[in-house]
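Welcome to a short tour of one model. Open your viewer, and we will go from one selection to the next.

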Amino acid sequence: MNNLFLKIIGVVLLVSGCVLTHKPNLISKISLPENPYQMIEKRVKWGFLIGLGILFIFYNHWSDWKQTVCALLFFLTLGIVIARLFGFVLDGFFLKQLLWLTIEIVVLIIFGILYRYADN
């Protein structure tokens, strides 16, 4: 029952993160920046909801705290990467954004390795 509840919360967070990444000013009436680079940065902050939703959907080992922390870091970074890619599709491709994406993918790989070996 508890696992199903977390999966439902995960789906809600994932969908809301995707919607807010697409329309970042949906819940606040702050004007969106005209600069497409800054627009991608506005979208990226909603990647945390995407990552948290993916964590709740796919993660099941809540009793091991080391593995849970590593999974949290991995999935939050994955959500940020997804949101940045979403921004590339909607706002265009920028070299500086590609640098940020590369850094985030390297961090994602590091967190993935830590997650893999956290149970030892």
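Start by selecting helix α3 (residues 47–58) and helix α4 (residues 65–91), which pack at an angle of about 130° with their axes 7 Å apart. Axes here are lines fitted to C-alpha atoms over the stretch in contact, with angles running from 0 to 180 degrees between N-to-C directions; helices are DSSP runs of H or I with at least four residues, numbered from the N terminus.

Before going on, note that this is a predicted model: local features need pLDDT of at least 70, side-chain atom pairs count only at pLDDT 80 or more, and totals for chains, interfaces and linings use all residues. Residues are numbered from 1 along each chain as its sequence is written, and side-chain values use heavy atoms, leaving out hydrogens and water.

Next, show the side chains between the two helices. From α3, residues including F48, I54 and L55 meet α4 residues, among them A71, F75 and I82 (contact means heavy atoms within 4.5 Å).

Now select F75. Leaving aside neighbours within four places in sequence, F75 is in contact with G51, I54 and L55.

Last stop: R84, in helix α4. Is R84 buried or exposed? R84 is buried, with a relative accessible area of 2%. Its contacts, not counting residues up to four places away in sequence, include E41, W100 and E104.

Methods
Buried means under 20% relative accessible area, exposed over 50%, partly exposed in between (1.4 Å probe, protein chains only).
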